[in-house]
Amino acid sequence: MVISIAGFCGKFKKDCTDLARRVAVLAHLLEEIKDLNTHLGSFNSCFSDLSLALLAAKKLLLAANEFDTKIPSDSAAKKILFQFQCVTWKLEKALGSLPYDHFDISEEVREQVELVRTQLRRATERYSGPVNSNLLSRSLSQPLDKEIDSIHSGNNGIGSLHIENIGNIDHDVRPKVRRVPQGSVPNGSACSQIVQESDRIGNSSKMSQVGVPEISGSTREDDSPFKSHKESTKLDCPVIPIEFLCPISLELMRDPVIVAATGQTYERSYIQQWIDGGHTTCPKTQQQLHTTLTPNYALRNLISDWCAKNNIEQPTAVANGKIKKGDGSFRYVSREVAAIEVIVRKLSSRSIEDCRAAVAEIRSLSKRSTENRILIAEAGAIPVLVKLLTSEDRQIQENAVTAILNLSIFDENKGIIMLAGAIPSIVQVLRAGSMEARENAAATIFSLSLGDENKILIGGSGAIPALIDLLLTGNIRGKKDAASALFNLCIYQGNKGRAVRAGIIPALLKMLTDSSSCMVDEALTILSVLANHQEAKAAITRASTIPVLIDLLRTGLPRNKENAASILLSLCKRNSENLACLCRLGAVIPLSELAKSGTDRAKRKATSLLEYLRKSQQL
């Protein structure tokens with residue numbers, strides 16, 4: 001079975017591309033399972049569910065891709081959209097039921113699968129709001145299960161499936177510079193290899209050997225979930241003119257710029273990343289590149305007019321010289337735009353003095369208002385600021401990382417910062433910058449990690465060890481910024497093990513026992529997040545943290561007592577040794593007092609812990 005992200009077209013191009021891209025990530029998971037050569041045994045049903053979901057995805061992609069010529073009716077379109085919801089729901093559920101621990105799946109692959117699950121969950125809800133699992137399961141099983149026998153004839157449902165590995169998968173929050181049309185990049189480049197492989201897969205005879213399935217919904221039209229205004233708008237969505245699409249990302253441009261010498265137009269963030277990656281030729285013409293990027297105002301206005309005419313959300317917050325304010329009204333900002341663009345151009349000046357002055361001005365402007373943050377990003381400042389993070393001039397570096405921090409406050413800018421490949425440079429500033437730069441780098445990581453998918457990417461970037469170092473060596477502000485970032489990153493389960501292995505437990509214990517520390521509350525908050533992770537539990541116990549927590553039950557502030565009780569409860573559930581330790585150290589009296597006079601949460605935790613202690617003494 002081959003699933004490719006290449007060659008989709010027609011009304012459901014985006015749906016097909018998104019589904020195929022997410023499924024392609026699962027190649028790594030199946031390869032690991034096959035390499036382990038483990039008997040599936042009682043887990044066969046889990047993999048059977050995944051096999052059926054993957055087959056359903058393949059058949060749906062074929063049907064949806066040929067919609068325009070094969071099934072032109074509006075009713076059929078609604079049914080195909082419903083099948084997209086069915087398939088994404090089924091894939092997410094199948095991935096959630098896999099026994100990852102039993103097969104010793106690597107942490108990296110588990111993170112990829114978790115990211116795909118998050119994307120599938122969101123996609124399911126976008127198709128038609130809250131999920132009716134019975135309806136979806138029933139609908140999926142009827143029209144899409146006709147080739148079950150071909151799957152079961154393979155090796156436990158795995159051997160007959162082949163999801164083509166096409167290299168770096170284009171996750172929603174990752175740079176999409178690799179998705180370039182064939183022939184638009186130099187031979188031998190990473191982009192070229194991926195495009196060639198995608199074309200080979202897309203043209204494979206394996207895709208054509210399976211006929212287009214009949215798309216017959218399992219529910220009456222009255223039961224269809226496609227009644228919303230949002231969905232009807234999607235069905236009527238016009239085809240985007242090809243000249244409005246960035247040749248690199250193949251998406252509607254929000255900030256088109258012209259490349260000097262070649263005259264080609266690209267989305268600014270993508271072409272800037274191409275240049276920053278060391279490429280010296282134009283992706284489309286292969287002519288020699290110049291780094292000067294000129295805003296294409298004429299095309300930007302055409303895109304804005306087309307979006308307005310077709311009732312499509314503007315790809316930019318600034319259109320026709322106006323910016324939308326928080327109250328819904330518009331304000332003309334042509335003068336501000338022109339002034340900011342002048343400053344942004346100076347960011348690339350060869351003069352250190354001019355660059356230093358420009359980045360200081362951007363920092364100041366980005367601090368003042370949301371409108372400024374929008375305008376600065378629209379002017380293309382973010383990729384240039386990311387480049388300045390590696391400047392040897394400390395003042396430029398400090399102002400650049402602080403400006404990025406300020407810009408990240410506006411949520412729409414977070415994605416642009418991630419697309420610009422900022423994380424590795426921010427981590428480098430966190431390791432080796434001045435104290436002010438390190439503080440603001442930690443705060444930037446906290447801001448960017450508010451997005452669930454960003455937690456995964458940042459966690460794998462080396463940021464956690466650098467944050468722990470700042471937690472130990474920084475000043476008060478730096479420690480607090482590092483603690484906030486670590487707390488946010490450790491909400492994601494995959495980052496908890498990383499933090500433990502990087503030495504976070506001894507660092508937190510030092511904060512709890514240092515009489516001069518003002519970080520007890522922060523340390524306990526992070527520990528409470530880590531305490532439900534098996535590796536972290538063992539590390540907390542080995543570090544002799546239990547006596548410290550019992551002492552906090554007696555002497556801590558109300559919030560400290562609450563968190564200490566919560567951590568102890570996590571450590572002592574189903575752990576007789578830790579329960580015995582509590583008894584030996586006299587924890588019963590402070591727990592009893594907390595159960596009577598603590599906060600509501602503290603009372604619940606203390607009461608539960610006392611019940612565990614009572615049961616352990618009866619054994």
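In what order do the three strands of the open sheet lie, and is the pairing parallel or antiparallel? In this predicted model, the strands are arranged as E2-E1-E3, and their pairing is antiparallel. From one strand to the next, the twist averages 45 degrees.

Strand E1, comprising residues 256-259, pairs with E3 in the antiparallel sense over three bridges. At residue level, Val259 has Leu293 in E3 as its bridge partner.

A helix pair was also examined. Two packed helices are described by the angle between their axes and the distance between the axes. For helix H19 (residues 423-432) and helix H22 (residues 463-473), the packing angle is about 30 degrees, and the axes lie 9 Å apart. Because angles under 35 degrees count as roughly parallel, H19 is classed as roughly parallel to H22. The crossing of the two helices, H19 and H22, is left-handed.

The contact between these helices involves residues from both partners. H19 contributes Val427, Leu430 and Arg431, which meet Ala463, Ala466, Leu467 and Leu470 of H22. By residue class, the contact of H19 with H22 comprises six nonpolar residues and one charged residue, with no polar residues. The charged class includes Arg, and Arg431 belongs to the H19 side of the contact.

How values were computed
Residues numbered from 1 in each chain as written. Predicted model: local features only at pLDDT ≥ 70, side-chain atom pairs only at ≥ 80, totals over all residues. Heavy atoms only, no water. Axes fitted to C-alpha atoms, helices over the stretch in contact; angles between N-to-C directions. Helix = DSSP H or I, 4+ residues; strand = E, 2+ residues; numbered from the N terminus. Parallel < 35°, antiparallel > 145°, perpendicular 65-115°, else oblique. Left-handed = near helix turned anticlockwise from the far one by under 90°. Contact = heavy atoms within 4.5 Å. Pairing = 2+ DSSP bridges.
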